[in-house]
Amino acid sequence: VVIVELKTRLISGGTMHTLMFDRKDNPMKRNQWIKNEDGTVLVIALIILVFLTLIGITISATTEVEIQIAGNERLYKDNLYTAEAGAMECAQLMEELASLDPTGNPWIEPLGSVTLDQIRDVSFWDDTNSQVSTIDGNTRYMAVEEGVAEGTTLDMTKTTLRSYSVYGRRYDAAQPNKGRGIVKVGYRKAE
């Protein structure tokens, strides 16, 4: 505790009176500390600005990744649904045909004539392959006979249920970065 004396002279009586005050801090030291604050606000403002810039960069990068994910999801769904539409188109054609004889329908393959590796191969689905039919330039379909369906009797007097794998494919060769989709659908028809 610092004791400060304040001496005042009263004009009327000409006597000097001394007053004593208790002060907790020295006003001189306080003024020195205030004088040293000249750049503090600038430093604090710069720290806040750097912090907000880092948050902005992080949010921007996260948003860019989310946009790419959404675009890829849209392409995936487009390829999937278009390939599925090709398979459904093939199944509808098969439903409308009286006979699913592979010799009369080049897009229906007999049992064991096509392997899964061929179906996965890009060149198998090109325009020169007569085993594949085209809906539009990018969507194609074909069916592969699997034989008599499981649980069906081979009795000649009863109807035989035959099983097929129906494939739909979507791929745009002009824009290969859009991916591709192949869908396999099971199909059964009584003969």
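Is Glu 73 buried, partly exposed or exposed? At 39% relative accessibility, Glu 73 counts as partly exposed, where buried means under 20% relative accessible area, exposed over 50%, and partly exposed in between (1.4 Å probe, protein chains only).

The model is predicted: local features need pLDDT of at least 70, side-chain atom pairs count only at pLDDT 80 or more, and totals for chains, interfaces and linings use all residues. Residues are numbered from 1 along each chain as its sequence is written, and side-chain values use heavy atoms, with hydrogens and water left out.

**The whole chain**

Display the protein chain as a cartoon; it has 3 helices and 7 strands. Helices (H or I, at least four residues) and strands (E, at least two) are DSSP runs, numbered from the N terminus. Followed along the sequence, they give the pattern β-β-α-α-β-α-β-β-β-β. Of the 191 residues in the protein chain, 25% are buried.

**First stop: salt bridges**

Side chains of opposite charge can pair when their charged atoms come close. A salt bridge is defined here as a side-chain nitrogen of Lys or Arg within 4 Å of a carboxyl oxygen of Asp or Glu.

Lys 77 is partly exposed, because its relative accessibility is 38%.

Next, select Arg 170 and Asp 78, which form a salt bridge with their closest N and O atoms 3.7 Å apart. Arg 170 lies in strand 6 (residues 161-171) and Asp 78 in helix 2, so this pair ties together parts that are 92 residues apart in sequence. Arg 170 counts as buried at 10% relative accessibility, whereas Asp 78 is partly exposed at 34%.

Then select Glu 145 and Arg 162, another salt bridge, whose closest N and O atoms are 2.5 Å apart. Glu 145 is in strand 5 (residues 139-148) and Arg 162 in strand 6, so the pair ties together parts 17 residues apart in sequence. Both Glu 145 and Arg 162 are buried.

**Second stop: aromatic rings**

The structure holds 3 aromatic pairs. Rings of Phe, Tyr and Trp (its six-membered ring) pair if their centres lie within 6.5 Å; planes under 30 degrees apart count as stacked, over 60 as edge-to-face and the rest as tilted. Select Phe 124 and Trp 125: the ring centres are 5.9 Å apart and the planes stand at 85°, so the pair is edge-to-face. Phe 124 is buried with a relative accessible area of 8%, and Trp 125 is buried with 1%.

Move to Tyr 164 and Tyr 187, where the ring centres are 6.3 Å apart and the planes at 50°, so the pair is tilted. It links distant parts of the chain, since Tyr 164 is in strand 6 and Tyr 187 in strand 7 (residues 180-190), 23 residues apart. Tyr 164 is buried at 1% relative accessibility, and Tyr 187 is buried at 10%.

The charged end of Arg 180 sits over the ring of Tyr 171, 4.7 Å from its centre; the criterion is NZ of Lys or CZ of Arg within 6 Å of the ring centre and within 35 degrees of the ring normal.

**Third stop: the nonpolar cores**

A nonpolar core is a set of buried Ala, Val, Leu, Ile, Met, Phe, Trp, Tyr and Cys residues joined through side-chain atoms within 4.5 Å. Select Cys 90, Met 94, Ile 108, Val 166 and Tyr 187, the residues with the most contacts inside the largest core, which has 15 residues. Helix 2, strand 5, strand 6 and strand 7 each supply at least two residues of this core, and the largest share, 5 residues, comes from helix 2. Finally, select Ile 119, Phe 124, Val 144 and Tyr 167, which are included in a second, separate core of 8 residues.
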